[in-house]
Amino acid sequence: MSTRASNLDLRMVRQFLAVAETLSFRRAAEQMHMAQPPLSQAIMRLEALVQAKLFERSPRGVRLTPAGEVFKLEAVRLLNQAGRALERTQRAGRGELGTVHVGFIGPAMIALLPKVILAFRERFAGVELALHEGSSMQVAGMINSDIVDIGFLVTPADLQPDVSTEVIVVDNLVAVLPAGHRLSGESRIRLEDLADDAFVLFSAQGVPTLSSRIAALCRQAGFEPRIAQEAVQISTVLGLVAGGVGVSILPGSIVALATGATACKPIVADADLLRVRICAAYRAERLSDAAQAFLMTARLHATGAAGPG
């Protein structure tokens, strides 16, 4: 910005427009609630600043010069832009503008995020949401690297010490069977009854948290699962089960995605091992107002939530 432009203040612009619109220094002074001599002096300072004569003064009145006509157009734009800048800054301060980067695992998109996103966009239409999908391990990496503001994942996860977590959704693992499976008519299933079945499970490398949990459940039931196929995405696991490749164990929220080709059944097993806690992870001191608003919206839609930890 040039030194000359930096000396131009908005009050000076408003004073010019008052004269330009009324074509009368007297009426403009009344409109600006000031005496006429200080207004005349302000216009003279403005003309010196822009190095151009803005008004022609004569006994018949005041009129804009060609330079004044140009400055009038630009002055209106300048005040409008200043108004927009003030409004957008105030909205950003209220969390109504900006971008929030959200990392999430598949179960969070099923059990929580659709209603959170809908509610947030209704309230904060000016905020852009950038969504990043991954496994809990990948989402933890996004949080640690500040790629996302908030991450929804299953703990325990490898998070840095300054990252806070709080439980947002509590889910339970269920058995997923292909239609027509011998146990599909049962109301509940004991895992040991699946010991001879082939399993479609999450990849230990891609989804280590749930993979290790499911392996622990099977060991508690007295067997090692015979893995026919591994996958990373829930939709892939469901598709493979529907295709008869094997049975699986998935978060109960997938019932919303299940079709007639699969059956989801509660499992009789250790309640703690069955319980899946989807947590919000974030660095509290780095959250923008918009990100704080998104987190608050998630809390309002939480199921079985605990406090920050």
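1. Strands and helices are DSSP runs numbered from the N terminus, with at least two residues in state E for a strand and at least four in H or I for a helix.

2. This is a predicted model, so local features need pLDDT of at least 70 and side-chain atom pairs count only at pLDDT 80 or more, while totals for chains, interfaces and linings use all residues. Numbering runs from 1 along each chain as its sequence is written, and side-chain values use heavy atoms, with hydrogens and water left out.

3. The partner of strand 2 is strand 1 (55–58): the two pair in the antiparallel sense over 4 bridges, where pairing requires at least two DSSP bridges between the strands. A hairpin of 2 residues joins strand 1 to strand 2. Within this pair, R57 stands opposite V62.

4. Over residues 8–65 the chain is 60% helix and 14% strand, with its end C-alpha atoms 20 Å apart.

5. Helix 4 (residues 36–50) contains S40. Is S40 buried, exposed or partly exposed? S40 counts as partly exposed because its relative accessibility is 23%; the class limits are under 20% relative accessible area for buried and over 50% for exposed, with partly exposed in between (1.4 Å probe, protein chains only). S40 and Q15 are 25 residues apart in sequence, and their C-alpha atoms are 9.5 Å apart in space.

6. H33, in the loop between helix 3 (25–31) and helix 4, has a positive phi near 55°. Q51, in the loop between helix 4 and strand 1, also has a positive phi, about 60°. Most residues other than glycine have a negative phi, and most peptide bonds are trans. H33 is exposed, with a relative accessible area of 75%, and Q51 counts as exposed at 59%.

7. The domain assignment, which is automatic or taken from a database, gives domain 1 (5–81), domain 2 (95–164 + 286–301) and domain 3 (169–275). The C-alpha centres of domain 1 and domain 2 lie 50 Å apart.

8. The peptide bond from T155 to P156 is cis, with omega near 5°. P156 sits in the loop between strand 5 (150–154) and strand 6. Both residues are touched by T209, whose contacts (heavy atoms within 4.5 Å) are S136, V154, T155 and P156, not counting residues up to four places away in sequence. T209 lies in helix 9 and is buried, with a relative accessible area of 14%.

9. S136 is also one of the buried residues of helix 8 (residues 136–144), along with V139, A140, M142, I143 and N144. The buried residues of helix 8 pack against strand 3 (98–104), strand 4 (127–133), strand 5, helix 9 and strand 12 (275–282). After helix 8 comes D146, with a positive phi near 60°.

10. Helix 9 (residues 208–220) is the helix of a right-handed β-α-β unit, between strand 8 and strand 9. Right-handed here means that, with the strands pointing away from the viewer, the path from the first strand over the helix to the second runs clockwise. Strand 8 (residues 198–202) and strand 9 (residues 226–231) run parallel and are joined by 5 bridges. In this pairing A198 stands opposite R226.

11. In helix 10 (residues 234–242) the buried residues are I234, V237, L238 and V241. They lie on the same side of helix 10 because they cover an arc of only 100° around the axis, taken from the directions from the helix axis to the C-beta atoms. Their packing partners are helix 6 (106–111), strand 6 (164–178), strand 8, strand 9, strand 10 (248–251) and strand 11 (262–268). Just after helix 10, G244 takes a positive phi of about 85°.
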